[in-house]
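I open this notebook to go through one model element by element, writing down what I looked up and how each term was counted.

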Amino acid sequence: MRFDLDPQQRDFAASIDAALAAADVAGAVRAWAAGDFGPGRKVWARLADLGVTALMVPQRFDGIDAHPVDLVVALERLGRWCVPGPVTESVAVAPILLAADDRCASLATGELIATVALPPQIPRAVDADAAGLVLLAHQGRVSEANVGDRHDCIDPSRRLFDVTATATTWQADVARAYEFGALATAAQLVGAGQALRDAAVDYAKQRSQFGRPIGSYQAIKHKLADVHIAVELARPLVYGAALSLAGDSADARRDVSAAKVAAADAALLAARSALQTHGAIGFTAEHDLSLWLLRVQALRPAWGDPAVHRRRVLEAL
């Protein structure tokens with residue numbers, strides 16, 4: 001099945017690309033990893049100006065209350081550019097957990113960045129030291145959370161923190177928030193897979209071996225074609241899951257899991273192929289490729305690893 005975005009959605013994606021192309025996102029990621037959140041917050045401010053942070057916020061809080069497909073359009077581009085920070089948690093999940101809370105207005109403007117822990121699937125909150133609001137959601141209840149010990153992640157720009165609930169709790173649709181978290185993460189993985197694919201193709205045209213660009217060899221062509229097919233086959237599953245969530249389909253849980261598995265597998269294949277294409281330089285922290293390689297490894301298990309989501313698909317069948 002082929003999903004075709006309307007002109008407004010394509011323009012939205014193009015505007016995000018233009019804004020992030022003009023920002024030093026790679027530099028912001030490195031600064032974020034070092035504990036300097038200033039450059040990353042400037043990137044978030046650009047996204048807020050475009051309405052990205054307001055997508056899932058209800059209109060009564062000056063949000064957009066957008067269709068889930070619009071969320072996927074945006075998160076795919078953010079994954080493409082490797083935007084730092086708790087993107088899934090603040091843009092896709094927190095507005096659902098704070099659906100009746102005035103703090104949604106600050107989410108919409110980008111003044112407030114939120115992060116979320118949702119045990120047992122998401123036991124720790126990412127980037128709690130950078131977020132202005134830390135939430136803990138469990139069994140249909142939500143509370144603000146106190147931040148505990150820090151744990152390193154394979155992606156140094158993503159730090160994980162233990163959290164404990166405060167006394168005050170409120171009801172929220174935690175199950176739906178989880179589905180949107182998994183969907184948003186899948187969309188970022190698709191975007192990251194696109195970035196890695198494009199980087200591999202570009203480098204294959206430049207790197208030579210035995211006097212010829214390596215991109216001219218059939219084995220390389222076939223490998224990069226496999227990556228392209230995997231990424232492009234994952235995309236309709238992600239958009240299909242967005243449509244299922246929008247329509248409250250009985251199959252939404254299955255569709256989200258299928259999308260997360262396909263996106264995770266495609267991004268991993270893209271990462272491996274990009275690393276093989278670049279060779280030794282791809283292992284260096286100085287090369288920007290490393291940012292996407294590590295981000296893919298961090299996002300694959302985020303909001304349910306492939307084994308969890310394969311099990312959910314099997315249960316649905």
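I began with the sheet, which is open and built from five strands in the order 1-3-4-5-2, with mixed pairing. For the record, helices (H or I, at least four residues) and strands (E, at least two) are DSSP runs numbered from the N terminus, and two strands pair if DSSP finds at least two bridges between them. Strand 1 (114–117) and strand 2 (125–126) stand at the edges with a single partner strand each, so one side of each has no neighbour in the sheet. I then looked up helix 5 (residues 87–97), which packs on the sheet and touches strand 1, strand 2, strand 3, strand 4 and strand 5 (160–171), its direction making about 70° with that of strand 1. Contact here means heavy atoms within 4.5 Å, and the angle is taken between N-to-C directions on a scale from 0 to 180 degrees, with axes fitted to C-alpha atoms, for helices over the stretch in contact.

Before going further I noted the conventions: this is a predicted model, in which local features need pLDDT of at least 70 and side-chain atom pairs count only at pLDDT 80 or more, while totals for chains, interfaces and linings use all residues. Residues are numbered from 1 along each chain as its sequence is written, and side-chain values use heavy atoms, with hydrogens and water left out.

Next I went through the pairing strand by strand. Strand 1 and strand 3 run parallel and are joined by four bridges, with Thr115 opposite Val134 in strand 3. Strand 3 (residues 133–138) and strand 4 (residues 141–151) run antiparallel, also joined by four bridges, and here Leu136 stands opposite Ser143 in strand 4. I asked myself which residues cover the two faces of strand 1. Ala114 and Val116 lie on one side and Thr115 and Ala117 on the other, and all are buried, where buried means under 20% relative accessible area, exposed over 50% and partly exposed in between (1.4 Å probe, protein chains only).

In strand 5 I looked up Thr168, which is exposed, with a relative accessible area of 56%. Thr168 touches Val142, Ser143 and Glu144, leaving out residues up to four places away in sequence. The C-alpha atoms of Thr168 and Ile113 are separated by 20 Å, the two residues being 55 places apart along the chain.

Pro119 and Pro120 are joined by a cis peptide bond with omega of about 5°, and Pro120 belongs to the loop between strand 1 and strand 2. Cys82, in the loop between helix 4 (68–81) and helix 5, has a positive phi of about 60° although it is not a glycine, and Cys82 is buried at a relative accessible area of 1%. Asp127, in the loop between strand 2 and strand 3, likewise has a positive phi, near 55°, without being a glycine, and its relative accessible area of 0% makes Asp127 buried.

For rings, I found two aromatic pairs in the structure; the criterion is that rings of Phe, Tyr and Trp (its six-membered ring) have centres within 6.5 Å, with planes under 30 degrees apart counted as stacked, over 60 as edge-to-face and the rest as tilted. The rings of Tyr178 and Trp303 have centres 5.9 Å apart and planes at 40°, so this pair is tilted. The pair links distant parts of the chain, 125 residues apart, with Tyr178 in helix 7 (residues 174–206) and Trp303 in the loop between helix 10 (289–299) and helix 11; both Tyr178 and Trp303 are buried.

Tyr178 came up again when I looked at Arg312, whose contacts are Tyr178, Glu179, Arg253, Val256 and Ser257, not counting residues up to four places away in sequence. Arg312 lies in helix 11 (residues 306–316) and is buried, with a relative accessible area of 7%.

Last, I looked up the record: UniProt, in an unreviewed entry, places "domain: Acyl-CoA dehydrogenase/oxidase N-terminal" at residues 8–97. Over residues 8–97 I read 68% helix and 0% strand, with the end C-alpha atoms 28 Å apart.

Methods:
UniProt positions renumbered as here; feature names shortened; annotations may be inferred.
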